[in-house]
Amino acid sequence: MKDRLQTLSSGRLQRSSFAVESRALNRKHQETLPSQVTPLSFSLDAPPWEDRDTTISVKTTIPHINNKGEHSENVLKTLTLAMLDESYPKESWIRIYTDGSATNAVKSGGAGVYIQHPSGERTEEALPTGLHCTNYKAEVEALIQAAHTIAMRADRTTQVVFLTDALSVLQAYNSDRLPSLKKALN
């Protein structure tokens, strides 16, 4: 019986701990290991796949434009496109254009989202925002829809810029009055 057990266990893997293996490797490769070792640091706050260290910056001005009435339509367009190309080049940024509106500003709202990917792919979405909807609500819904769409299609390292004409929505976002939008963007 003893011989039989030894024969059965001869092909089994031997158990060992990480510490035992580590000490054995240290002894074996002593001359090639550095004398000073810097310990790794880690955090128990959140695993890397849940790291949500995203920086959201809201800009409501375009350089060199103080008052829209000071410049012609062509100059305003040129300055805006120059700022976009310099700050958010289309070769490396996903550009998301949003807009929302309602009939007579208070009913039958709709929202639109237009997405330009660096690869050249384009995505368009349109959605109704309700029978009793304001321009403001439609603008918010457009941004929320865009955030949900891009969250499904882009990874966390992709650079994304949202472009909207909804100044009041951006001001409300900055003053923490839009928790639904903040949740969608994070």
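Trainee: Which residues does Gln116 touch, not counting residues up to four places away in sequence?

Mentor: Good place to start, and keep in mind that we are reading a predicted model. With those sequence neighbours set aside, Gln116 touches Trp93, Ile94, Arg95, Tyr97, Glu121 and Arg122. Gln116 itself belongs to strand E2, which covers residues 107-116.

Trainee: Is Gln116 buried or exposed?

Mentor: Gln116 counts as buried, because its relative accessibility is 16% and the cut-off for buried is under 20%. For the protein as a whole, 22% of the 186 residues count as buried.

Trainee: How many bridges join E1 to E4?

Mentor: There are 6 bridges, and E1 and E4 run parallel. As one example to look up, Tyr97 has Leu163 in E4 as its bridge partner.

Trainee: Let's turn to the rings. How many aromatic pairs does a search of the whole structure find?

Mentor: A pair of aromatic rings is described by the distance of the centres and the angle of the planes. The search of the whole structure finds 2 such pairs. In one of them, Tyr88 and Trp93 have ring centres 4.9 Å apart and planes at 80°, so this pair is edge-to-face. Tyr88 and Trp93 are both buried.

The other pair is Tyr97 with Tyr114, which is tilted, at 6.2 Å centre to centre and 45° between the planes. This pair links distant parts of the chain: Tyr97 sits in strand E1 (residues 93-103) and Tyr114 in strand E2, 17 residues apart.

Trainee: What is the relative accessibility of Tyr97, and what is the relative accessible area of Tyr114?

Mentor: Tyr97 comes to 27%, so Tyr97 counts as partly exposed. Tyr114 is partly exposed too, with 25%.

Trainee: Which residue lies over the face of Tyr173?

Mentor: That is Lys182, at 4.5 Å from the ring centre of Tyr173.

Trainee: And at the end of the numbering, where is Asn186 found?

Mentor: Asn186 is in the segment after helix H6 (179-185). With a relative accessible area of 38%, Asn186 is partly exposed. Asn186 and Ala147 are 39 residues apart in sequence, yet their C-alpha atoms are 8.7 Å apart in space.

Trainee: What share of the contacts with a separation of 6 or more comes from residues 24 or more positions apart?

Mentor: In this protein, that share is 53%. For the surface, the protein exposes about 14400 Å², with carbon and sulfur atoms supplying 53% of that area.

Methods: Residues numbered from 1 in each chain as written. Predicted model: local features only at pLDDT ≥ 70, side-chain atom pairs only at ≥ 80, totals over all residues. Heavy atoms only, no water. Helix = DSSP H or I, 4+ residues; strand = E, 2+ residues; numbered from the N terminus. Buried < 20%, exposed > 50% of the residue type's maximum accessible area, 1.4 Å probe, protein only. Contact = heavy atoms within 4.5 Å. Phe/Tyr/Trp six-rings, centres within 6.5 Å; stacked < 30°, edge-to-face > 60°. Lys NZ or Arg CZ within 6 Å of the ring centre and 35° of its normal. Areas by Shrake-Rupley, 256 points an atom, 1.4 Å probe, with all protein chains shown as cover. Pairing = 2+ DSSP bridges.
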